[in-house]
Amino acid sequence: MSPDGARPVFIIGTERSGSNLLRLILNAHSRITVPHPPHFMRFLAPLAAGYGDLSVERNRRRLVDDALGLLARHIHPWPHPVDRDRVVASAGPTVFGVVAAIYEQHRAAEGKARWGCKSTFMVDHVDEVLAEFPAARFVWLVRNPQDVASSAKTAVFGHCHPYRMARLWRTQQERAVAAHTRWGPGVVHLLRYEDLVERPEKELRALCAFLGEEFEPAMLAHHTSPAARRTARLSESWRLAGRPISTGRVGAHLTGLSPTERLLVDRVTAPLKKRLGYPVDERARLVPVPSPPAVALRSALLRSRVELRSARQDENHRLRLARDGYVRWLRVKSLVRRAVPAPRKTVSPA
């Protein structure tokens, strides 16, 4: 691994916050590669106990096989093959060690100095990453939760129901606040989506300074890259990836959410939303919280509508269904592995 390869970059926060935009901007830098994430840690970290001691090669190989199976079904296929045996040989004895070895192969294939990961769910694994890569850096991308909920309502990713998305935003931003407090701004850099799109060059220069890289004008023209055009083509939820940086989606909740939904999001997120510099409607505290059955029914209706549209429009619709089925199968396998005790070593009589 190159010295720069030990300085990975992570985008953390909540999905639908502009993380794909930021991924493509960073990927346009000549020294940084950020492939679209298969969310390895999100799906595999909860299954870690099922693999046993990962310092044992056989166990590590099973994890690598499952991770590469996830990559093979990724909704945004990677451009380079990954050598299974090299991952097994080079990976550290943790789930993240395997993930890092896979990303390191991608970095080498791209011929860039550093790799990055856009899986915003890595907000749950900041300490694990820093234990292995003390020089890692985290970009905490935050967006108005009302706009996040508005975007998620019509996207195939995230919770469709604004109440559920607001709860997820609150949880993940609380974890990001904790990471920022613990590790400081030299390790966790706060970047507001609204600031990024309103004054992109200023914010990107500050971001590059944080990362210890030179700002490159190509970052402002990310939308012209083949990677951006490909991303925009794969899913309706990513259609803006092929367009220049714009303020067009700031305030999207004004048309994407009903007045009640906007107040409901504020009720869930108010203290943290204020702390991050977003206005809160004080009437939100008067809005009743919907019952779980009402949320479940509304979520199912919204999800069915989104899925039908995705089946008609998205090139990667089948891959996403295959990925989701594969994740369910991995969970079943993990339960079986944990239920069946490992064979005991037999000791031959002297």
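Is V336 buried, partly exposed or exposed? V336 counts as partly exposed because its relative accessibility is 47%; buried means under 20% relative accessible area, exposed over 50%, and partly exposed in between, with a 1.4 Å probe and protein chains only. The model is predicted: local features need pLDDT of at least 70, side-chain atom pairs count only at pLDDT 80 or more, and totals for chains, interfaces and linings use all residues. Residues are numbered from 1 along each chain as its sequence is written, and side-chain values use heavy atoms, with hydrogens and water left out.

V336 belongs to helix α15, residues 317-339; helices are DSSP runs of H or I with at least four residues, and strands are runs of E with at least two, numbered from the N terminus. Helix α15 has 23 residues and reaches 34 Å from its first C-alpha to its last, close to the expected 33 Å, which is 1.5 Å times one less than the number of residues. Buried residues of α15 include H317, R320, R323, Y326, V327, L330 and S334. The buried residues of α15 pack against α2, α3 and α14 (292-313), where contact means heavy atoms within 4.5 Å.

In the loop between α2 (40-44) and α3 (57-72) is G52, which is partly exposed at a relative accessible area of 40%. The C-alpha atoms of G52 and L63 are 9.7 Å apart in space, at a sequence separation of 11 residues.

The protein chain comprises 15 helices and five strands, and buried residues make up 53% of its 350 residues. Its C-alpha trace spans about 80 × 50 × 45 Å along the principal axes.
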